[in-house]
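This report goes through a few local features and some overall values. Please keep the sequence and the model open while reading.

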Amino acid sequence: MEQGNQMQQFLRGPLTRRQMLRQALALGVGVSGAALLAACGGGGNATPTAAPAQATQAPAQQASPTTGGTSMGSPTAAATAGVTPSAAATATGQKFTIEPAKHKGGTLIEGSFVDAKTLNPVLVSDTASSAVSSLIFEGIVFVDPQTVLPQGKLAEKWDISSDGITYTFTLRQGITWQDGQPLTANDVKFTYDMLMNKDTKSPRTAELTERIKSVDVVDDRTIKFTLNAPAAPFLVSNTVYGIIPQHILKDVQPANLAQDPFSTGQKGRTIGTGPFMFEEWVKDDHITLVKNPKYWQGEPNLDRYIYKVVPDSNVVAQQLKTGEIDYGGIDPSQVQDIKSQPNLNVVVYDTFSFTFYSYQLDPQKTTLFQEKEVRQALLYALDREAMIKSIRLGYGRVAVGTMPVLSWAYNPDAIKLKYEYNPDKAKQLLDQAGWTPGPDGIRQKNGKRLSFTVYTNAGNKIREQYVAVFQEQWKKIGVECKPQTEEWNAFLNRITGSKDFEMFLVGFVWDVDPDQSTMWKSSAYEGGFNMNKYSNPQVDQLLDEAIKTTDVQKRKELYTQMQNIIMEDLPNAILDFPQAIAVVNKRVHNLFPNAVDDRFNAHQWWVES
Amino acid sequence: MGRYILWRLIQLIPIVIGITFVTFAIANLVPGSPLSDLAFQRGIRPEDIARIRHQLGLDQPIYIRYFQWLSNIARGDLGISLVTYQPVSKLIMEKLPNTLLLTGTSLLLALLVSIPIGVFAAVKRNSWFDQITTVGAVAGFAVPTFWLGLMLIIVFSVKFREWGLPSLPPGGMYDLRSGGGIGDRIIHLIMPAFTLAFVQTAGWTRYIRSQMLEVLRQDYMRIAEAKGLPQRLVIFRHGFRNAILPLVTLLGLDLPGLFSGAVITETIFSWNGLGRLIVDSTFKRDYTVIMDTVLFISILTVLANLLADIVYAQLDPRVRFD
C-alpha cells in the first residue's frame, strides 16, 4: 500500500509494488520480503534452519524465473518458468535450493529509496525498518516462504491446547544475544509487554491486547501465551515479531523506548539474536551491519550487509546496473533495460497486495449499488487482463476469488463466479435489473441516472489510469463514471473517516494468514477496513468459524464457501494481484526474493569475491 | 562599534521570531502527517494511530504546538524527529560538516575562477575575452542547478561508463563497499561542488568585473599610473584591493543562496547534508526536523550577514557606525 505523501513517491510516482507490499506486509507479519514465483521445484520442504548446506548444485538462480517480456503477456498465463497459474501456483511446493558457499566474506548492498525509521522490532511499522531490523532480531516463529506455514525460529517447538486458547513455546537451547548473554523466556515476555504497553509507540497495541490475555514465563526456556479466544492466524501473524533483550532495556521507561539509542541505533546496545549486528546508521544514507560470528545457525558467510538509501527508484535501477547495489526492487517500466544487463538476474514474484474498488452499500449515502446485478455488471464490463497487460505491463494476475495466489486458501477452481470480461452479460444484467438507456445514452431507473464518482489517490499513476479505463469501459454499457483524484490524506479521510463516497479505488495487502475479517465482517465497519458497510450474517459466521479452526483443510473449505458468497454479493471488486520485481546481481547467491520472507536464510547468503 | 553590534543583535530578535513563525506555518500547513504511513495498514487500528498522535503532541491545537516549540528551542531543546525519534540536534550536527564541506569547496572554487576572470575582463574591456565572459556569465545564470547536475551525471557517470572511459560516481560521499579513502572522497566531491560553484561563478565574475571597471575609472588609479608604477602593481595593489571590498558583503548575502543551492545539489547527488535532510524530512512530514533545520540555517544566515557588515567596517575605514 502506498504512502501518498512520501517524498520519493512525489519524485517518482507510485511506489514499486515491492515497496508497497513490503511496507504493509511488515506490519502484520514483522518479517520483510515477499513471496516468490520461484522454481516450481518438487515438494521437498528443505527447512533452512535445519539444513544449511543441503545443497544440490541445481542452479537456484536459473530456476527462478527470469522475466520473459513476451511470456508475461497474458496474466492468467503470466506465470513464467513453468509455474502453472492455478492450484499448483500456490506457494506450497515451492523450493529454494541452497548451495554451499564457495566464498566467505564480502559485502552485500541492498538498495532502496526509503530509509528505515527505527530498528526496534516492537516499533517497526514499515518495510524499510523491517528489512534491517529482521537481520538483527528474530521472532520465536517465522513463516517459511517455501510452505507459507509457521516454523520455529527461536522456538524449537510449540504446543497448542485443544481449545486453541493456550500456546506453549519451548525456546531452543544455547541461543545467546550478540553480547553473549543467554536468551530466556523472560526476554520474550518483556518483548510482548512492550508491544502491548500503551505508553510505547508500538503500532500494534490494540490488536495484540484484544487477542492476547496473558504471557507467562513457565521456566527459562518455556513461555505460555493465553489468548482471549481461539485465533488461527495467531502463529503467523503475532509470534513473528523480533524479540528484544530485557537485560539491555529493563530500566528504560516505556515512553522513552522509541528514542532510546537501542531503537535509533547504537553499536553494542542495539543487539539481537540474529545473523547480523548493528554497526552504524547514517540517516538517509546507509545502515551498516556486520556478521555475528557466534550466530546460532552458524557463522554468516558475508562480512557485512549494507542497506543503502538513494533518492529514487531510477537511481536504484541505475546502481543495480553499475553493481553499486546488489539487490533491490524495480518498476515494470525498468525491466526491459535491466534484463539486457548480463550481470543481473530479474525475479518476478507474486505478492499479497491487491487492487480493488469498493461500492458504497450504505443506503443513506447512495442507493445506486443496492442491487447485486448492478455491482456484478460493472465488473463484467472491465477487461482486467487488458488492464494488467497495458497498465501493469503484464506484471500482475487477474484475481479469481478474494485469496492471493500465494495463500494455501487460494482455490480458483472452486470459485463459481470468475467475472471474465463480458460486456454483453453486463448489459443483460443491467437490463434485468430495470436500468434502461435514457435519452443521453446513460441508463436510468425511476428517473435516477446510473452515474457516480470514483475516487482514488492522486499521484498513483497506475490507479489514475485504472479509473480512466473504468470511465471508458463502463460508458460502453451505458454507465457514467466520473474519476476524481485526491491527495492521500484527504482520500484516506474520505474512505475511512467520513465514508462520503459512491465508489473508490485503492490497494491493500492481505496477511499471510487467509483470515479476511478485516474487510468482509460487518463488525469491521468500525475500526476495520469494511468501509462500505457490507453485511452478510452468513459471511460473518463463516469467518468466525474459520478463525477458530486450526485444521488447514477445513479452514480452506470454509474460506472457499466465504469466497463464493463474496463473489456473488460483490461488495468490493478485487481486480488483480500485482506482482513484484526484484533484481539480484549474479555475484550474490542463496538470496531468494519472495513475498513472505526473503531473509529467512540471511546467514547463508554469499557473494563471489 | 560595540554599541552597534549590540544594537544589531537586538534587531535580530524580531527577525528570528518572524522566521520561526513562517517556518512553523509552512511546515505545518502542508497537507499530510508524519503518521500517514500507519494509516490503512492491516494490524494497525485507528486507536493505535490516535494514541501515537497524542504521544507526539500532534493532537494539540496548532497555536499551542507553535508556542511549545518556541519555548523548547528557547531552552535549547530541539526535540526529536517525529519519524525516527532521534534527537534533531544530533541529526543537524551529523549533517552540518557535510554541507560545509560541499559549500566551502564550491565557494573556494567559485572564487578561484571568478576573481581572475572578472579582473581580466574588466582590464581588457570589450575585448573578445570580455565578450565571451559576458556570454558565459549570462548562460551560467540561466542554467538551473538541477538540470546542470543531471546533465553532468548523464555525461560523466552514465555515458562515460558506457563508453568505457573513467567515469565519476553519480552520487554519495564515498564508496560504501571500499569504505572510502581521501582520494575516493575527492572524486565524489567533484561533480556536486562544480554544480554548486557554477552559478556562483557566473554571478561573481560579473560583479567583480563591474566593481573593477568602477575602480579603474577612479582618479587615484590615474595618479598611480601617472607615477609610472608598473601596470600589474596598479591593477592589483590599487585597483583590485578596492574592488574586492564589497565582495565581503556579497559573500554574506550569498550564504542563503549557497544553502538553497545545496538543497537541490545535495538531493541530486545523494550528498548527505542539511539540504537533503530538509527535503527528506519535508516529504516525510517530519515537522520538528524541517522547522529546526530551516531555523538553524536562517539564524546562520542572519549572523553571517551581521558578520559581513562588521568585517566590512573593519576593511573600509570610510564606513562608520553611528
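In chain A, helix H16 is followed by Lys499(A), whose phi is positive, near 55°. Helices here are DSSP runs of H or I of at least four residues, strands are runs of E of at least two, and both are numbered from the N terminus. The model is predicted: local features need pLDDT of at least 70, side-chain atom pairs count only at pLDDT 80 or more, and totals for chains, interfaces and linings use all residues. Residues are numbered from 1 along each chain as its sequence is written, chains are lettered from A and ligands numbered from 1 in the order in which they are written, and side-chain values use heavy atoms, with hydrogens and water left out.

**Helix H16 and its cover**

H16(A) covers residues 488–498, and its buried residues are Trp488(A), Asn489(A), Phe491(A), Leu492(A), Arg494(A) and Ile495(A). Buried means under 20% relative accessible area, exposed means over 50%, and partly exposed lies in between, with a 1.4 Å probe and protein chains only. Among the elements that cover these buried residues are strands S18 (451–457), S19 (480–486) and S20 (503–509) and helix H15 (461–475) of chain A.

**Single residues**

Asp284(A) sits in the loop between strands S8 (276–282) and S9 (286–291) of chain A, while Arg285(B) lies in the loop between helices H10 (274–284) and H11 (287–315) of chain B.

| Residue | Relative accessible area | Class |
|---|---|---|
| Thr366(A) | 8% | buried |
| Asp284(A) | 3% | buried |
| Arg285(B) | 10% | buried |
| Ile160(A) | 36% | partly exposed |

Thr366(A) is placed in the loop between strand S13 (353–359) and helix H12 (372–380) of chain A. Its side chain reaches the backbone nitrogen of Leu368(A) at 3.2 Å. Leaving out residues up to four places away in sequence, Thr366(A) touches Gln360(A) and Glu502(A); contact means heavy atoms within 4.5 Å.

Ile160(A) belongs to strand S4 (residues 155–160) of chain A. With residues up to four places away in sequence not counted, Ile160(A) touches Thr166(A), Tyr167(A) and Leu235(A). Its C-alpha atom is separated by 9.7 Å from that of Phe225(A), 65 residues apart along the chain.

**Chain B**

Chain B has 11 helices and 0 strands. Its C-alpha trace spans about 85 × 65 × 35 Å along the principal axes. Of the 322 residues in chain B, 48% are buried. Among contacts in chain B with a separation of 6 or more, 72% are between residues 24 or more positions apart.

How do two of its helices meet? The axes of H1 (residues 2–29) and H3 (residues 62–74) of chain B come within 11 Å and cross at roughly 130°. Axes are lines fitted to C-alpha atoms, for helices over the stretch in contact, and angles run from 0 to 180 degrees between N-to-C directions. H1(B) and H3(B) are therefore oblique to each other, since angles under 35 degrees count as roughly parallel, over 145 as roughly antiparallel, 65 to 115 as roughly perpendicular and the rest as oblique.

In this pair, Ile17(B), Thr20(B), Phe21(B), Phe24(B) and Asn28(B) of H1(B) meet residues of H3(B) including Tyr66(B), Trp69(B) and Leu70(B).

How values were computed: Polar contact = N/O pair within 3.5 Å; in protein donor to acceptor, adjacent residues only side chain to side chain.
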